[in-house]
Amino acid sequence: MSFMQEHLPALQVVLPLVAASLCALFRVGYLSWLITLSSSILSFLVAVFLLLRVLEQGIISYEIGGWSPPFGIEYRVDLINAFVLLIVSCVSAVIVPYTQKSISARFGSTEQSWFYCMYLLVLTGLLGVTITGDAFNIFVFLEISSLASYALIAMGRDRRGLTAAYQYLIMGTIGATFIVIGIGLLWAMTGTLNLYDLASRLPEIKSSRPVLAALAFLTVGVSLKLALFPLHLWLPNAYAYGPSVASAFLAGTATKVSIYLLLRFFFTIFGGATFFTETPLPEILKILALIAMFAASIVAIFQSNIKRMLAYSSVAQIGFIILGISYATETSLTGAMTHMFNHAIMKAGLFLLLGAIMFRLGSVKIEELSGIGRKMPLTMAGFVILGLSLIGAPGTAGFISKWYLGLGALEQGEWWILVLIVSASLLTMIYIGRVVEVAYFREPTDEVVQLKEAPLEMLWPAYLLIAAAIYFGFDTSFSADLARQAAVLLVNAVY
Amino acid sequence: MIRDTIILRVVIKLLLPAILLFALYVQFHGDYGPGGGFQAGVAAAAAIILYGLVFGVSAARKIMPQKLLFSLIPIGVLVFSGTGIVSWFFGANYLDYSPFGSDSKSGQHLGILIVELGVFITVFSTMLAIFYSFAGRSEALPSNLENDK
């Protein structure tokens with residue numbers, strides 16, 4: 001183990017990459033699932049070890065190919081990305097045990113392997129984006145994960161998944177182009193691609209026009225990837241018509257990694273909160289975030305497809321996170337990062353439960369779900385708990401992050417933001433409430449009467465996430481405290 | 001029908017070895033000058049695609065079966081990522097080729113050759129897989145075949 005300990009940063013990315021290739025090589029469904037399962041769990045363990053090592057001894061730097069930075073590619077783990085690595089690998093490790101049942105019911109052996117191959121490539125890309133300290137490497141990994149996720153979404157049961165994937169492809173590619181233009185401008189101005197080398201060189205020239213243009217390109221590009229209003233149009237269809245497993249995985253990880261990128265670019269590279277607050281970015285982000293919180297929640301209320309409803313809810317929750325970023329204070333960034341963590345847990349859990357309903361009923365239209373609470377009590381009970389957490393009820397994880405977000409606004413003397421956070425949460429209550437009303441207070445239809453409870457393989461991963469959503473509502477020593485330490489690093493641009 | 005043109009068939013047969021040889025030249029010259037696995041893979045795939053265009057996709061499938069292609073795609077990635085793993089067993093960082101040879105320079109030389117071979121395999125087979133899946137569509141649709149004739 002001591003031999004591998006040194007190479008953990010590379011192993012984090014290599015593990016899912018090799019596993020993805022093995023899935024594509026053998027093309028046997030069950031075997032691919034086993035490979036995916038073991039590599040996901042190992043990735044999670046690697047992320048845990050990395051986090052422990054970072055807590056113990058500080059930043060870990062790993063030179064790929066033995067070329068020293070800033071010339072070679074550096075993998076660099078600090079508290080900020082160790083936290084994100086843990087979110088991504090944890091969500092993945094919980095989802096994989098669930099996938100076997102729903103994927104094997106729909107696809108033949110070969111297609112299953114392609115599915116797992118794509119899944120692992122998304123994981124590879126996301127972990128790579130998070131761990132790398134090289135700007136161009138970020139772009140490469142971002143494309144690996146994006147291309148694979150287009151394919152994942154196109155594998156949905158609904159044929160509209162194809163157009164959704166195409167829409168996502170176009171929007172995602174525009175986003176990636178903007179990101180690479182931004183990186184190119186930074187490279188032209190500084191002659192370096194290493195993030196931390198960039199961070200040391202940028203302060204001298206940070207008000208020059210190309211650097212500001214680079215910041216603008218990066219902001220728009222990453223905002224497209226993370227679906228910030230009004231660049232969110234690809235997201236609802238992609239999540240609604242893709243396979244449930246893919247929706248759960250992407251909702252829990254892909255947007256979170258993009259938010260991490262935004263934090264890295266805004267704070268680490270451009271010299272912390274002082275520079276960020278000098279630009280017009282905070283105001284712009286705050287307004288967009290508030291619109292996202294309200295517009296997306298209101299649209300969510302009027303959706304008849306629950307997966308689509310949750311997708312719009314994701315746009316709204318991303319609004320909450322961006323709101324926290326826009327204040328750029330320690331407390332608000334703590335809120336943003338905690339919400340990143342909590343939202344990953346809650347949304348992944350909700351999509352998994354919907355996937356279980358889809359598995360039994362073959363539909364997630366709200367009107368077809370009447371009385372389903374009586375037939376699938378465990379599934380719907382889980383849905384209610386996660387829904388409460390999404391609303392931000394005290395005693396759940398959602399409350400903690402919204403508390404910090406509100407506190408961040410209060411510290412700036414903007415009490416009215418607190419009012420807006422609460423009212424946006426009330427809108428969340430309406431759309432979650434609609435599902436609860438239909439599921440529990442209406443007579444079951446003929447189809448619902450014949451339903452059985454979701455299979456155990458699908459329930460327990462969801463319940464792990466439910467347990468986490470409750471646990472992190474009481475014990476914040478992991479989620480919020482780590483997020484606070486990371487926020488301090490971000491605000492002061494420590495790297 | 002293009003398949004009946006004797007000039008094309010003869011010229012293509014003459015060209016194919018030259019294209020493949022050039023692909024290999026680009027492949028092995030990659031560490032001294034311009035070129036490398038990607039370009040060589042594209043050139044080699046172009047040779048098979050050219051063959052397929054003139055002699056038909058089914059003829060191309062005979063020399064390069066689809067099943068083999070689908071296996072070659074991940075094998076190339078495995079060659080690349082496996083090289084990095086081998087570095088670990090030499091006690092070096094991921095993808096550090098220096099310990100492969102007697103000195104750092106020859107090690108790097110050997111390492112980059114193996115890695116580029118992986119790139120070649122994956123690029124070559126991916127290009128062909130794309131070609132097959134597009135070209136295979138007209139065979140799947142009977143109405144298109146009618147139009148061709």
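Residues are numbered from 1 along each chain as its sequence is written, while chains are lettered from A and ligands numbered from 1 in the order in which they are written. Since the model is predicted, local features need pLDDT of at least 70 and side-chain atom pairs count only at pLDDT 80 or more, whereas totals for chains, interfaces and linings use all residues.

How confident is the predictor? For the complex, the predictor gives an ipTM of 0.87 and a pTM of 0.93. pLDDT is the predictor's confidence in each residue, from 0 to 100. Chain B averages 86 on that scale, and 89% of its residues score at least 70. Please be careful with residues 144–149 of chain B, where the pLDDT is below 50 and the stretch has 2 contacts in the model beyond near neighbours in sequence. By a contact I mean two residues whose C-beta atoms, placed from the backbone, lie within 7 Å.

Let's stay with chain B. Which elements build it? It has 6 helices and 0 strands. Helices (H or I, at least four residues) and strands (E, at least two) are DSSP runs, numbered from the N terminus. Of the 149 residues in chain B, 32% are buried. Here is the rule: buried takes 20 or more other C-beta atoms within 10 Å of the residue's own, exposed takes 12 or fewer, and partly exposed is in between, with C-beta atoms placed from the backbone. Among contacts in chain B with a separation of 6 or more, 62% link residues 24 or more positions apart.

Is B:Lys62 buried or exposed? B:Lys62 counts as exposed because it has 10 C-beta neighbours inside 10 Å.

Now, where do the chains meet? The contact takes 13 residues from chain A and 15 from chain B. On the chain A side, α2 (8–26) and β1 each supply at least two residues, and α2(A) gives the most, with 7. By class, that side has 8 nonpolar, 4 polar and 1 charged residues. For these classes, Ala, Val, Leu, Ile, Met, Phe, Trp, Tyr, Cys and Pro count as nonpolar, Asp, Glu, Lys and Arg as charged, and the others, Gly among them, as polar.

That brings us to the strands of chain A. β1(A) and β2(A) pair in the antiparallel sense over 4 bridges; pairing requires that DSSP finds at least two bridges between two strands. A:Glu63 has A:Glu74 in β2(A) as its bridge partner. In a regular strand the side chains alternate between the two faces of the sheet. In β2(A), A:Glu74 and A:Arg76 point one way, A:Tyr75 and A:Val77 point the other way, and all are buried. The loop between β1 (60–63) and β2 (74–77) holds A:Pro70, and a cis peptide bond joins A:Pro69 to A:Pro70, with omega about 10°.

Next, a pair of helices. The axes of α6(A) and α7(A) come within 9 Å and cross at roughly 175°. Axes are lines fitted to C-alpha atoms, for helices over the stretch in contact, and angles run from 0 to 180 degrees between N-to-C directions. The two helices are therefore roughly antiparallel to each other, a label for angles over 145 degrees. Residues meeting there include A:Phe136 and A:Tyr150 in α6(A), and A:Tyr168 and A:Ile183 in α7(A). By class, this contact has 17 nonpolar, 3 polar and 1 charged residues.

The loop between α9 and α10 of chain A holds A:Ala227, which has a positive phi of about 65° although it is not a glycine. A:Ala227 is buried, with 28 other C-beta atoms within 10 Å. A:Pro230 sits in the loop between α9 (209–226) and α10 too, and the peptide bond from A:Phe229 to A:Pro230 is cis, with omega near 0°.

Terms used:
Angles under 35 degrees count as roughly parallel, over 145 as roughly antiparallel, 65 to 115 as roughly perpendicular and the rest as oblique.
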